[in-house]
Amino acid sequence: MRLASVIIVLGAVAAAAGEAVVVKEADGKVRVEIDGALFTEYHYREVARPFLYPIIGPDRAAMTRDWPMVKTTNEPTDHVHHKGLWFAHGDLNGTDFWSEQKAFGKTSHQKFLELKSGKEAGVIRSLNAWLAPSGTVVCTDERAIRIHADKETRMIDYEVTLIASHGTLRVGDTKEGTMAIRLPATLSVKGTNGPGRIVTSEGARDGSAWGKRAKWVDYSGPVNERLAGVAIFDHPQNPSHPTWWHVRTYGLFAANPFGVHHFEKKPAGTGALRLAAGERVPFRYRFVFHAGDDRQAGIARRYEAYCKEMSGK
């Protein structure tokens, strides 16, 4: 039996067994359902890099921009590489893996390590190769995406372990990265579709949050005429914690530990990370999709609980 068929059968069995989070292969994507309804899909075939789209938040609110996956008339069409929720970076050994302009690198799905449904969480684990435009492997990664069932919120724990599998690896100092999501236009702080609201754990707000360090950032605004938002938590053991934030008022929302040159005007290369051949480094983040703003969702309290939960992991 083919792998896709096996996964579909297992997904159906899990659903029949009453699993809250069902993970299954469908139409060349991995579909994730929570309590029988679509939450997200993992796109990994014929793409510049794997991404999650759409993401359905509280009250069935769409928490990602549709374009360019779906052409609409009421959304901005800037930055074609801002697709759903993704992990990428603008400089790995000199190759741009962030944009989709001339001579950019691609993150190529190699295989799934685990697809698992569960009553409390579902899991997508995969192995990926980062390819230069020439096809040369720059490095690899192992990633684990855990989707949690929660009556009040939807949560994703996203872990990527970069591996210097093909020689030394230099993660460059650039603002173009790294753990990111592109939000719908209605959440944006600027423009006619707002007003959205950005707030950091350190109290920076809206445009002043860009390039600042913080343990978490929350971005909220009107979706389907109701207030909703998403927070990103920086794991306390991540490199350069608390991280810098490449968060824009037009809806780009990204944690970036490597943008010191741009964020703090320090000499080029100050924030670069170098790995010797064979070394590995993990990056871990939690996304919390919630109703209301950061205060109503208790994001500060949730972050402290996250730190306790993650201690020692």
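A residue counts as exposed when its relative accessible area is over 50%, as buried when that value is under 20%, and as partly exposed in between. Keep that in mind as you click around, and remember that this is a predicted model.

**Stop 1**

Select Arg295 and Asp293. Their side chains form a salt bridge, with the closest N and O atoms 3.3 Å apart. Is Arg295 buried or exposed? Its relative accessible area is 59%, so Arg295 is exposed. Asp293 has 9% relative accessibility and therefore counts as buried. While you're on salt bridges, pick out Lys24, Lys29, Arg31, Glu33 and Glu41: salt bridges with shared partners link these residues into one network.

**Stop 1: two more charged pairs**

Side chains of opposite charge can pair when their charged atoms come close.

Go to Arg143 and Asp141. The closest N and O atoms of this salt bridge are 2.7 Å apart. Arg143 is buried, at 2% relative accessible area, and Asp141 is buried too, at 0%.

Now try Glu264 with Lys266, whose side chains meet in a salt bridge at 3.4 Å, N to O. Here Glu264 is partly exposed, at 33% relative accessibility, and Lys266 is partly exposed, at 37%.

**Stop 2: the open sheet**

Switch to a cartoon view and follow the strands. Eight of them make an open sheet in the order S6-S7-S8-S9-S18-S14-S13-S12, with antiparallel pairing. Which strands sit at the edges? They are strand S6 (106–116) and strand S12 (197–200), each pairing on one side only. As you step from one strand to the next, the twist averages 20°.

Zoom in on strand S7 (residues 121–131) and strand S8 (residues 137–149). These two run antiparallel and are joined by 11 bridges. To see a facing pair, select Gly122, which stands opposite Ile147 in S8.

**Stop 3: a helix across the strands**

Next, select residues 299–310, which make up helix H4.

**Stop 4: the nonpolar cores**

Show side chains for Leu85, Ile156, Tyr158, Phe253, Phe287 and Phe289. These have the most contacts inside the largest nonpolar core, which has 57 residues. Which strand gives this core its largest share? That's strand S18 (residues 280–291), with five residues.

Now center on Leu85. Leaving out residues up to four places away in sequence, Leu85 touches Phe51, Leu52, Ile55, Ile156, Tyr158, Met179, Ala180, Ile181, Phe287 and Phe289. Another core, of 12 residues, lies apart from the largest one; Met155, Trp216, Tyr303 and Tyr306 are among its members.

**Stop 5: a buried threonine and a cis proline**

Head for the loop between S14 and strand S15 (244–247), where you'll find Thr243. Thr243 counts as buried because its relative accessibility is 0%. A polar atom of the Thr243 side chain lies 3.5 Å from the backbone oxygen of Asn256. Setting aside neighbours within four places in sequence, the contacts of Thr243 are Lys212, Arg213, Ala214, Asp234, Ala255, Asn256 and Pro257.

Pro242 is found in that loop between S14 and S15 as well. Look at the peptide bond from His241 to Pro242: it is cis, with omega near -5°.

**Stop 7**

Most residues other than glycine have a negative phi, and most peptide bonds are trans. With that in mind, jump to Gly177 and Thr178, where the peptide bond is cis, with omega near 5°. Thr178 lies in strand S11 (residues 177–182).

Then select Arg60, in the loop between strand S4 (51–55) and strand S5 (85–89). Its phi is positive, near 65°, and Arg60 counts as partly exposed because its relative accessibility is 49%.

Last stop: Asn93, in the loop between S5 and S6. Phi is positive in Asn93 too, near 50°, and at 39% relative accessibility this residue is partly exposed.

Methods: Residues numbered from 1 in each chain as written. Predicted model: local features only at pLDDT ≥ 70, side-chain atom pairs only at ≥ 80, totals over all residues. Heavy atoms only, no water. Core = buried A, V, L, I, M, F, W, Y, C linked by side-chain atoms within 4.5 Å. Buried < 20%, exposed > 50% of the residue type's maximum accessible area, 1.4 Å probe, protein only. Helix = DSSP H or I, 4+ residues; strand = E, 2+ residues; numbered from the N terminus. Contact = heavy atoms within 4.5 Å. Pairing = 2+ DSSP bridges. Axes fitted to C-alpha atoms, helices over the stretch in contact; angles between N-to-C directions. Polar contact = N/O pair within 3.5 Å; in protein donor to acceptor, adjacent residues only side chain to side chain. Salt bridge = Lys/Arg side-chain N within 4 Å of Asp/Glu carboxyl O.
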